[in-house]
Amino acid sequence: MKRKTLLTLFIVALNGCHASGREISLTDVKGSMPYGKWGFAFFTPYALPASVNSAFILGTEGAGETFRALDSSPGDPDTIQTWNNRVRMHGNFNKAVSLPVGIVFCWDSVIDKKTYETRIIFPESMRESMMKPTGKDWRGDIAWNDTLLFGLAPGGKVKIWIQNSGSGDNAPVTPNRINTFSGDKLDVCKGITNHSQGYSYTKTTQNFIKGKAYPYGEW
């Protein structure tokens with residue numbers, strides 16, 4: 001991703017909301033969490049594959065983090081027709097330091113056979129929830145809302161939840177703004193793909209969608 005394009009994108013997106021009008025540093029990472037790094041993960045409905053190629057997170061204090069080596073985006077066997085709010089995932093490579101203000105990520109929807117660019121501005125209430133202890137986990141340690149989950153569905157649909165390190169259903173997150181683009185509307189994601197040779201369906205996907213109507217559920 002190009003730094004200049006990303007800075008322009010976020011400054012415009014945050015105008016009148018969070019932008020300070022000063023230069024955003026991509027290396028000056030501040031505003032760390034009381035539990036260290038927080039994680040983020042992507043998943044898809046069962047047999048409707050997608051993969052994330054790169055991501056850029058804008059944090060508080062103007063900090064930015066770029067990710068080009070990302071965890072896989074597995075299909076959840078319990079996400080069929082509608083989203084499953086009890087998905088449990090943890091980031092291995094997908095770990096960030098600063099409180100998230102927004103994110104841009106580039107992803108290939110294999111089921112749609114196209115590349116998408118999603119831009120999200122997160123609400124202040126979400127950041128506040130990530131900084132407050134929520135009780136104890138099964139080990140007796142302090143529990144936190146420390147993982148963001150992104151569900152990637154056909155049609156470029158993106159759903160967001162916050163996952164607690166303890167237990168219970170994931171809490172849906174309503175972003176301040178979310179936009180997904182494809183085709184000639186791609187900006188920072190133009191030319192970024194894991195499928196430069198084209199897309200193909202596995203036998204699992206072929207069997208699953210046979211006789212079903214696109215987009216194979218309510219997302």
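Predicted model: local features only at pLDDT ≥ 70, side-chain atom pairs only at ≥ 80, totals over all residues.
Student: OK, how many residues has the largest nonpolar core?
Tutor: It has 29, and Trp38, Phe40, Phe105 and Phe150 have the most contacts inside it. A nonpolar core here is a set of buried Ala, Val, Leu, Ile, Met, Phe, Trp, Tyr and Cys residues joined through side-chain atoms within 4.5 Å. Buried means under 20% relative accessible area, exposed over 50%, partly exposed in between, with a 1.4 Å probe and protein chains only.

Student: Which element gives the largest share of this core?
Tutor: S2, with four residues. Helices (H or I, at least four residues) and strands (E, at least two) are DSSP runs, numbered from the N terminus.

Student: And what does phenylalanine 150 touch?
Tutor: Leaving out residues up to four places away in sequence, its contacts include Phe40, Phe105, Ile120 and Trp161. Contact means heavy atoms within 4.5 Å.

Student: Switching to the sheet: what's the strand order?
Tutor: S3-S2-S6-S7-S11, an open sheet of five strands with antiparallel pairing. Two strands pair if DSSP finds at least two bridges between them. The edge strands are S3 (64-67) and S11 (177-182).

Student: How many bridges join S6 to S7?
Tutor: Eight. Tryptophan 107 has tyrosine 116 in S7 as its bridge partner.

Student: Now rings. How many aromatic pairs does the structure hold?
Tutor: It holds 15. Rings of Phe, Tyr and Trp (its six-membered ring) pair if their centres lie within 6.5 Å; planes under 30 degrees apart count as stacked, over 60 as edge-to-face and the rest as tilted.

Student: Why is the pair of tyrosine 35 and tryptophan 144 tilted?
Tutor: Because their planes are at 45°, with the ring centres 5.0 Å apart. Tyrosine 35 and tryptophan 144 are 109 residues apart, so to speak a link between distant parts of the chain.

Student: Is tryptophan 144 buried or exposed?
Tutor: Buried, at 12% relative accessibility.

Student: Which ring does lysine 212 lie over?
Tutor: Phenylalanine 208, at 4.4 Å from the ring centre. A charge sits over a ring if NZ of Lys or CZ of Arg is within 6 Å of the ring centre and within 35 degrees of the ring normal.

Note on methods: Residues numbered from 1 in each chain as written. Heavy atoms only, no water.
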